[in-house]
Structure formats: structure tokens, C-alpha cells
Amino acid sequence: MKKLIAAAWRLIRGPIQWRVLWIFQAKFMVGVTGIVRDEAGRVLLLRHRMWPEGRQWGLPTGYAIKGERFEETVVREVREETGLQVQVGDLAYLKSGYRLRVEVAYEAALIGGTLKIDSFEILEAKWFAPGDLPEGLQESHRLLILGKGD
């Protein structure tokens with residue numbers, strides 16, 4: 001039976017194999033975060049409307065769109081939430097193991113744009129020195145900013 005299955009698998013190649021694999025493999029949403037810094041080393045933090053009261057400060061973040069490179073997600077999310085333009089740098093964090101989600105974070109540098117928040121999602125946007133982060137900042141984001149992501 002194993003030999004028959006292996007022979008059939010080799011025969012179907014390419015797109016059909018991918019479709020079969022897609023059906024039987026785990027599917028994940030990918031949460032992507034940008035650790036955006038300006039030329040002075042300050043970090044961009046947003047007060048998110050949809051986040052829990054008392055823990056609304058955090059980094060620009062969102063979910064990757066199907067087919068989108070994660071670096072593109074950072075650029076898109078920062079632009080949508082703040083109007084700012086960033087250049088994505090090094091991968092800072094990658095964690096799987098959640099039931100349906102993978103978390104990814106990249107360093108990013110401010111390269112332009114004018115700060116204009118998306119008032120549907122964002123209540124406020126401010127630049128903070130890493131040593132002067134606000135109360136109500138998500139602890140996981142504090143660790144990312146300080147380079148101590150778990």
C-alpha cells in the first residue's frame with residue numbers, strides 16, 4: 001500500500017500536490033509588527049482603539065494579506081495607520097506555537113511622510129525614547145523595543 005501511495009504521489013506532481021498539501025496542512029494568520037525608529041533612536045508607538053483599556057499603547061501591527069511578503073506588511077500597516085513611510089530592516093522576532101497565529105516583528109527606519117493617524121484604528125501616535133516608554137504599553141512590545149523579545 002505504501003509503495004502504491006508513493007507512486008501515485010510522484011505521478012500527480014506540481015499544482016495538484018500543492019492543493020493536496022494545502023488541504024491537510026495547518027493554516028495560520030500572521031501578525032506582523034514594525035519596530036519603527038527615527039533618526040534620534042526614538043520608537044513610534046500608537047494608542048490602538050480596539051485594544052483593551054489600560055493596554056492600548058503598542059507598536060504598529062497588523063495581519064499579513066495572502067501573498068504579501070512580511071516586510072511589505074510592515075510598510076503597508078505603518079502607512080495605513082500613520083501616513084509615514086518606513087524602510088524595513090532586520091527580522092527582530094519570530095514565534096510560532098499559537099493555535100492559529102504566527103508572530104513576526106521587524107526593525108524599521110522612518111524615511112518620510114507626514115504623521116496623520118487613521119482615527120478608526122488609532123487614537124494617538126507619539127515618538128518615545130526607549131528609556132521613557134508609556135504606561136499601558138503591551139509588555140511584549142516593550143520587550144521588542146528593548147531587544148529582549150522572548
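Guide: Strand 5 (residues 84-95) pairs with strand 6 in the antiparallel sense, over nine bridges. Two strands pair if DSSP finds at least two bridges between them. Strands are DSSP runs of E with at least two residues, helices are runs of H or I with at least four, and both are numbered from the N terminus. This is a predicted model, in which local features need pLDDT of at least 70 and side-chain atom pairs pLDDT 80 or more, while totals for chains, interfaces and linings use all residues. Residues are numbered from 1 along each chain as its sequence is written, and side-chain values use heavy atoms, without hydrogens and water.

Visitor: Which residue stands opposite Tyr106 in strand 6?

Guide: Leu91 does. Strands 5 and 6 form a hairpin with five residues between them. In the turn, Gly97 has a positive phi of about 110°.

Visitor: Which strand runs parallel to strand 6 (residues 101-113)?

Guide: Strand 1 (residues 29-37), joined to strand 6 by nine bridges. Here Thr33 stands opposite Ala105.

Visitor: How do I read a pocket?

Guide: Rolling a probe the size of a water molecule over the atoms shows where empty space is left. A pocket is an open set of points on a 1 Å grid over the protein atoms alone, where a 1.4 Å probe fits, with protein on both sides within 12 Å along at least five of seven lines; lining residues have an atom within 4 Å of a point. The largest pocket holds about 540 Å³, the space filled by probe spheres set on points joined across faces, edges and corners.

Visitor: Which residues lie nearest the centre of the largest pocket?

Guide: Thr33, Trp51, Thr61, Glu103 and His141, out of 25 lining residues. Strands 1, 4 (61-63), 5 and 6 and helix 3 (139-145) each supply at least two residues of this lining. By class, the lining has nine nonpolar, nine polar and seven charged residues. Ala, Val, Leu, Ile, Met, Phe, Trp, Tyr, Cys and Pro count as nonpolar, Asp, Glu, Lys and Arg as charged, and the others, Gly among them, as polar.

Visitor: What is the volume of the second largest pocket?

Guide: About 200 Å³. Its lining has eight nonpolar, one polar and three charged residues, including Trp22, Phe28 and Lys66.

Visitor: Is Ile111 buried or exposed?

Guide: Exposed, because its relative accessibility is 55%. The cut-offs are under 20% for buried and over 50% for exposed, with partly exposed in between (1.4 Å probe, protein chains only). Ile111 sits in strand 6. Leaving aside neighbours within four places in sequence, Ile111 is in contact (heavy atoms within 4.5 Å) with Gln85, Val86 and Gln87.
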